[in-house]
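Please open the model in a viewer and keep the selection tool at hand.

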Amino acid sequence: MKKIRTYILFAIGLMTAVSCSEEKIVDDVQATVARGLVLRTVTTLGDNFNILDTSSVWGRTLEAQDAEGGALLSEIRVFVTFVDNTIEDGDPDLSTDEAPLPTVSASSFTEGPFGFPRGDVSATYSEAIAATGIDFDDIDGGDAFNFRLEAVLTDGRVFTNNAAGTVANGSFFSSPFAYTSPVVCPPTVPTAGDWTINFQDSFGDGWNNAAFRVSIDGTETDYTLANGFGGSETFAVSGSAQVISIVFISGDFDGEVTGQVISANGNTVVDIDGVNGTITAEAELIDYCLNNL
């Protein structure tokens with residue numbers, strides 16, 4: 001009974017809040033289209049920069065929407081900033097000011113399936129480094145590059161991330177004009193042997209459909225706590241395994257959940273805490289930059 005009442009009240013409140021919020025933002029975006037332009041994110045061409053691969057790419061396929069079927073777009077200006085997220089005690093903040101990247105002309109766009117022009121905006125890791133002036137050796141896994149776009153109209157008006165809202169959950173009208181590309185490390189080979197997963201649940205009724213999803217060389221297995229306050233599971237990593245990935249699958253009450261994954265070498269490589277924080281679902285939980293697998 002403890003969760004039935006909570007579900008009903010939560011669901012009513014959530015549906016009301018989401019509906020009102022989504023409708024307002026969609027109305028705002030539609031109004032923006034009527035008076036200017038939005039750049040709708042259609043496809044992701046690349047999200048992360050591999051710290052060891054200067055040819056890795058951040059990019060998006062965009063669709064220009066305006067009252068003239070996209071004809072008002074003249075060009076897209078692209079800007080990038082380096083964000084130093086790995087500052088240690090006594091070290092300076094190496095974050096940089098915003099710097100321009102090559103402009104994308106509207107002439108490079110072609111008509112999409114909805115009649116609006118579509119085109120790609122992208123940058124390589126090496127281009128982002130060169131534009132910001134950050135030294136390659138000063139970049140660590142966990143740092144990031146932020147991209148901001150400006151849509152320049154044929155009449156000289158400019159729309160950027162201060163001009164349009166973003167509908168949640170990647171909906172049709174997703175038009176942020178701003179993106180982040182974190183610097184990530186490639187996976188390292190995991191230690192062979194038995195790995196341990198420890199589960200805890202603050203209410204004592206298990207993980208309620210939440211789970212750790214462990215992928216070893218592409219083979220996925222879900223591990224969960226069926227009931228109780230805590231428990232453990234083990235899984236074997238073979239000597240031939242090359243890549244391990246661990247993500248969190250959201251359940252019904254993630255705010256009750258904590259858990260750890262311990263490598264066969266004794267290192268705790270994953271430590272999640274939904275009681276005192278937020279767990280990002282289906283995002284990689286292993287920090288490969290620590291090289292502790």
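Helices (H or I, at least four residues) and strands (E, at least two) are DSSP runs, numbered from the N terminus. This is a predicted model, in which local features need pLDDT of at least 70 and side-chain atom pairs count only at pLDDT 80 or more, while totals for chains, interfaces and linings use all residues. Residues are numbered from 1 along each chain as its sequence is written, and side-chain values use heavy atoms, with hydrogens and water left out.

**The whole protein**

Display the cartoon: the protein contains two helices and 17 strands. Of its 293 residues, 42% are buried; buried means under 20% relative accessible area, exposed over 50%, and partly exposed in between (1.4 Å probe, protein chains only). Contact means heavy atoms within 4.5 Å. Among contacts with a separation of 6 or more, 70% join residues 24 or more positions apart.

**Gly255**

Select Gly255, in the loop between β15 (244–249) and β16 (257–262). Its relative accessible area is 45%, so Gly255 is partly exposed. Leaving aside residues up to four places away in sequence, Gly255 touches Ser202, Gly274 and Val275.

Asn208 is not a glycine, yet has a positive phi of about 50°. Asn208 counts as buried because its relative accessibility is 17%. Asn209 is found in the loop between β11 and β12, and its phi is near 80°, a positive value in a residue other than glycine. With a relative accessible area of 59%, Asn209 is exposed.

**Asn292**

Go on to Asn292, in the segment after β17 (268–273). Asn292 has 16% relative accessibility and therefore counts as buried. Not counting residues up to four places away in sequence, its contacts are Asn265, Asn267, Thr268, Val269 and Asp287.

**Asp140**

Finally, select Asp140, in the loop between α2 (125–132) and β8 (144–153). Which class does Asp140 fall into at 37% relative accessibility? Asp140 counts as partly exposed.
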